[in-house]
Amino acid sequence: MNDMTPTDMPAETKTDLFSRFDPLIKQRQDLLDTGVTDPFSLVMEKVLSPTTAICSGRETILLGTYNYMGMTFDPDVIAAGKQALDDFGAGTTGSRVLNGTYAGHRAVEDALKEFYGMDHAMVFSTGYQANLGIISTIAGKGDYIVLDIDSHASIWDGCKMGDAEVVPFKHNDIEAMEKRLKRIPEGAGKLVILEGVYSMLGDIAPLKEMIRVAKENGAMVLVDEAHSMGFIGPNGRGVAEDQGVLDQVDFVIGTFSKSVGTVGGFCVSNHPKFEIMRLVCRPYVFTASLPPSVVATAATSIRKLMHAGNKRAHLWENSRTLHKALTGLGFKLGTAEPQSAIIAVIMPDLERGAMMWEALLREGLYVNLARPPATPAGMTLLRCSLCAEHTAEQVEIITGMFERAGKAIGII
Amino acid sequence: MDRAATAARIAEVITPFNKNAIGISEATSFSGDLEWDSLTVMDFVAAIEDEFDIIISMNQQAEIETYGQLIDAVTTLQG
């Protein structure tokens with residue numbers, strides 16, 4: 001053994017593990033050097049409502065929150081949260097399988113079972129963990145996961161954490177999916193993973209055909225309905241319900257951090273053995289459960305979403321109006337028709353995307369700037385998500401802001 | 001199909017993807033020499049899968065760094 005301590009070692013033998021981030025650090029610095037506001041460090045100083053906040057001292061319309069149904073300030077939801085804080089305290093300090101299951105955790109799982117009309121519901125601390133946990137646990141060594149290439153990071157990470165063979169196919173391509181399913185060795189377990197709404201472009205999946213093909217080939221099906229809960233489908237259960245195939249879905253993954261208006265994730269299922277997940281799913285077991293106030297707000301919100309027909313209708317009206325207006329102004333959008341409450345405005349490049357994002361913020365509008373690797377095909381997007389609480393007047397104001405900013409930056 | 005025949009067919013499949021007409025040998029690295037982005041990799045893998053009616057899972061792709069390793073893997077996967 002040598003007797004040199006690490007600090008005595010010559011400098012050239014030390015490797016800075018952070019050097020792998022150098023290209024990204026440079027890209028970020030180059031962008032900031034152009035003088036634009038950093039699009040990834042915005043602070044909401046005060047939140048006034050589901051659709052407005054104070055950012056940099058200015059009242060700003062929020063058009064990038066995924067707060068589709070505007071439940072964050074619902075008086076019943078807030079009252080339930082306050083009551084739970086008083087009755088159960090600030091946190092559980094424990095795993096669901098130890099001291100972390102309170103009455104509220106059971107109550108929110110009951111609300112989910114009722115909402116989806118399914119036998120089992122399991123709540124995770126985030127939507128990310130729901131995908132991570134379920135996917136990595138149910139598909140094991142020798143099994144095959146067949147998934148859409150545009151799947152959310154949490155799905156990919158769930159695949160990476162598990163031991164199954166991972167086989168992606170081209171986005172929404174039924175034939176590409178079928179070919180891969182048919183090539184899987186006989187006897188291997190198969191899991192097909194799809195999303196109802198793909199959040200980057202706001203497009204929906206042809207679930208009816210894809211699930212039929214998956215079932216014909218003996219696969220179990222998991223559908224992530226994070227971006228459809230509450231407003232797509234006759235009961236707001238999502239795209240699978242809308243296309244009449246929810247009964248064919250083995251596992252629905254969802255989140256509380258979008259339409260429900262708080263934080264948390266879940267899986268609902270009719271699988272008769274589903275409850276064993278609570279003992280074998282590590283991202284469920286080895287983390288603290290959601291705070292009592294969070295599950296109380298979620299349960300109240302979910303039950304209100306069962307009867308939110310008017311809000312749903314207004315959300316769709318907003319989505320259609322803005323989609324039509326932006327198309328009319330000459331912006332290039334992610335979908336030809338509005339398919340969800342997400343409208344993705346395609347930017348020519350990251351630099352002009354960041355300039356446009358900043359120009360909109362100056363106008364008093366917040367949208368998401370999305371860039372690779374989160375986006376498909378290396379695109380830079382200004383992603384807008386509408387809320388049922390946006391008024392028709394706000395949508396008109398938003399359109400005006402896009403027109404002025406788009407002309408100033410030279411995009412339209 | 002033996003390794004030589006497999007190599008010949010892969011050479012045909014790769015041509016349209018090798019847009020900069022880089023000279024390819026068995027030691028050519030996909031990430032280092034060809035500098036393909038992730039979309040090109042996906043399309044190329046799909047083309048190889050369709051040509052040979054096989055699956056190359058992400059797990060297997062992670063082990064394939066060079067052109068020679070791809071030929072080996074496809075030869076093996078055809079069984």
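Leaving aside neighbours within four places in sequence, A:Ile346 of this predicted model is in contact (heavy atoms within 4.5 Å) with A:Lys332, A:Leu333, A:Gly334, A:Met379, A:Thr380 and A:Leu381. The residue A:Ile346 belongs to strand β13 (residues 342–347) of chain A, where helices (H or I, at least four residues) and strands (E, at least two) are DSSP runs numbered from the N terminus. With a relative accessibility of 16%, A:Ile346 counts as buried, since buried means under 20% relative accessible area, exposed over 50%, and partly exposed in between (1.4 Å probe, protein chains only). The C-alpha atoms of A:Ile346 and A:Phe331 are separated by 7.5 Å, although the two are 15 residues apart along the chain.

Local features in this predicted model need pLDDT of at least 70 and side-chain atom pairs count only at pLDDT 80 or more, while totals for chains, interfaces and linings use all residues. Residues are numbered from 1 along each chain as its sequence is written, chains are lettered from A and ligands numbered from 1 in the order in which they are written, and side-chain values use heavy atoms, with hydrogens and water left out.

Strand β13 takes part in an open sheet of three strands, which has the order β13-β16-β15 (chain A) and antiparallel pairing; two strands pair if DSSP finds at least two bridges between them. The edge strands, each of which pairs on one side only, are β13 and β15 (368–370) of chain A, and the twist from one strand to the next averages 30°. Six bridges join β13(A) in the antiparallel sense to strand β16 (residues 380–385) of chain A, and A:Val345 stands opposite A:Leu382 in β16(A). Helix α13 (residues 350–363) of chain A lies across β13, β15 and β16 of chain A and runs at about 30° to β16(A), where axes are lines fitted to C-alpha atoms, for helices over the stretch in contact, and angles run from 0 to 180 degrees between N-to-C directions.

Within helix α13 of chain A, A:Glu358 and A:Arg362 lie four residues apart, about one turn of the helix, and they form a salt bridge whose closest N and O atoms are 3.5 Å apart. A salt bridge is a side-chain nitrogen of Lys or Arg within 4 Å of a carboxyl oxygen of Asp or Glu. A:Glu358 is buried at 8% relative accessibility, whereas A:Arg362 is exposed at 57%. The structure holds 26 salt bridges over all chains, including one in chain B between B:Arg9 and B:Glu51, with the closest N and O atoms 2.9 Å apart. B:Arg9 lies in helix α1 (residues 3–14) of chain B and B:Glu51 in helix α3 (residues 38–52) of chain B, so this pair ties together parts that are 42 residues apart in sequence. A network of salt bridges links A:Glu175, A:Lys179, A:Arg180, A:Arg183, B:Glu49, B:Asp50 and B:Asp53.

Chain A also contains an open sheet of seven strands, in the order β4-β12-β11-β10-β7-β5-β6, with mixed pairing. Its edge strands, each pairing on one side only, are β4 (120–124) and β6 (165–169) of chain A, and the twist averages 20° from one strand to the next. Strand β5 (residues 144–148) and strand β7 (residues 190–195) of chain A run parallel and are joined by four bridges, and the bridge partner of A:Val146 in β7(A) is A:Val192. Helix α5 (residues 153–161) of chain A lies across β5, β6, β7 and β10 of chain A, running at about 165° to β5(A).
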